[in-house]
Amino acid sequence: MNLNLQRLVNQLPGAVLVLNSRYQLSYVNAFLCQQLELPEAQILGQDFFSLFPEVPKSWFCRKMAEVLQQQQTQQLSWQQRLYLLKLPRQAKAEQSEFQMAQNVSFIPLSNPQEEAQLALWLEDASEAARYHAEVLFKTQQLKQLDRFDTLTALPNWQYLQQQLQLELTRAERYQRPLALLRFELDRFKLLNDQYGHQHGDQMLQGLARQFSALLRDNDLLARLAGAEFAVILPDTELAGAIEVAQRLRQQMEQFCAVQSAAVKLTISCGISTGTAGCSVETMLQQADQALYQAKRAGRNQISIWSEAALA
């Protein structure tokens, strides 16, 4: 490589290296020498795969043969493969933990008087990768906020409706039972008034964890608003739904006993079951009407929706 061309290559951002047909290094720029912490004399002539064992050999050989045969430059972005060579990021604080994300150019070098060679230009794409990761993380956070209650980390009202639609569709397709509980903590407002909202929030967080522990992995417990919750119970007949509701009421009693709370909270619960052609709105409304029946009957009990009960 003549002096002017070498100066030009050394000005390129990132690492530049040239391989001969035997996968030996015939040129490296100053950037790569600095990254490897080796002088040029110790790098030239080295086997590429011995120096960079992280490179998948069979894949790289196919790639090199293709580029040399077609005599066309090809690019590989960091999104396709995060990096080709394990080089540290430029930010010194990050060197010990992260590799440099790279955009790689495979450039064929042809000369009738010499053997075919391949030039690799590795541009540092770490900032683009970091920005992409931050955007992705913030997007996931927004999705979490959109689907989950910030106080209890339980699914919220919107997510409950989405999942209930999926479970209704599945129940109808496979002729499986489905039940829905809507329950509310009785006298929760009184507890908030006497002990403050911070104490009430802590109670809700603790109860959310304990209620979740009572349920199966495929059940869904959600916080709807205030002290009102709902549970989707797939593959559950009415008898099973009543049993779950009883367990929730018993857990509430035990929780209050351990907490030695002056305001003894109880649970009023309404149950609805999915039937053929039932919509999300109908099932939610039926469970809500059953919950209202339980509260109107004196609280601390379970009510099952039925046409007769509304008469």
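In which loop does Arg-216 lie? Arg-216 is found in the loop between α9, residues 197-213, and β7, residues 220-225. The model is a predicted one, and the values below are computed from it.

Is Arg-216 buried, partly exposed or exposed? Its relative accessibility is 39%. Buried means under 20% and exposed means over 50%, so Arg-216 counts as partly exposed. Leaving aside residues up to four places away in sequence, Arg-216 touches Leu-233, Pro-234, Asp-235 and Thr-236. One of these, Leu-233, is 17 residues from Arg-216 along the chain, and the C-alpha atoms of the two are separated by 8.7 Å.

Helix α9 has 17 residues, and at 1.5 Å a residue it should span 24 Å. The C-alpha atoms at its ends are 24 Å apart, which agrees with that expectation. Several residues of α9 are buried: Gly-200, Met-203, Leu-204, Gly-206, Leu-207, Ala-208 and Phe-211.

Elsewhere in the chain, strand β5 pairs with two other strands. Strand β5 covers residues 117-124 and runs antiparallel to β1, residues 15-19, with 5 bridges joining them. In this pairing, Leu-19 has Leu-118 of β5 as its bridge partner. Strand β4, residues 102-109, is also antiparallel to β5, and here 8 bridges join the two. Phe-106 has Leu-120 of β5 as its bridge partner.

Cysteines are the next topic. How many disulfides does a search of the whole structure find? The search finds 0. Two cysteines can be described by their accessibility.

Finally, the chain as a whole. It contains 12 helices and 10 strands. Of its 311 residues, 41% count as buried. The chain exposes about 17400 Å², and carbon and sulfur atoms supply 49% of that area. Among contacts between residues at least 6 apart in sequence, 60% join residues at least 24 apart.

Conventions: Residues are numbered from 1 along each chain as its sequence is written. This is a predicted model: local features need pLDDT of at least 70, side-chain atom pairs count only at pLDDT 80 or more; totals for chains, interfaces and linings use all residues. Side-chain values use heavy atoms; hydrogens and water are left out. Helices (H or I, at least four residues) and strands (E, at least two) are DSSP runs, numbered from the N terminus. Buried means under 20% relative accessible area, exposed over 50%, partly exposed in between (1.4 Å probe, protein chains only). Contact means heavy atoms within 4.5 Å. Two strands pair if DSSP finds at least two bridges between them. The expected span of a helix is 1.5 Å times one less than its number of residues. Accessible areas come from the Shrake-Rupley method with a 1.4 Å probe; for residues, only the protein chains shown count as cover. A disulfide is a pair of cysteine sulfur atoms within 2.5 Å.
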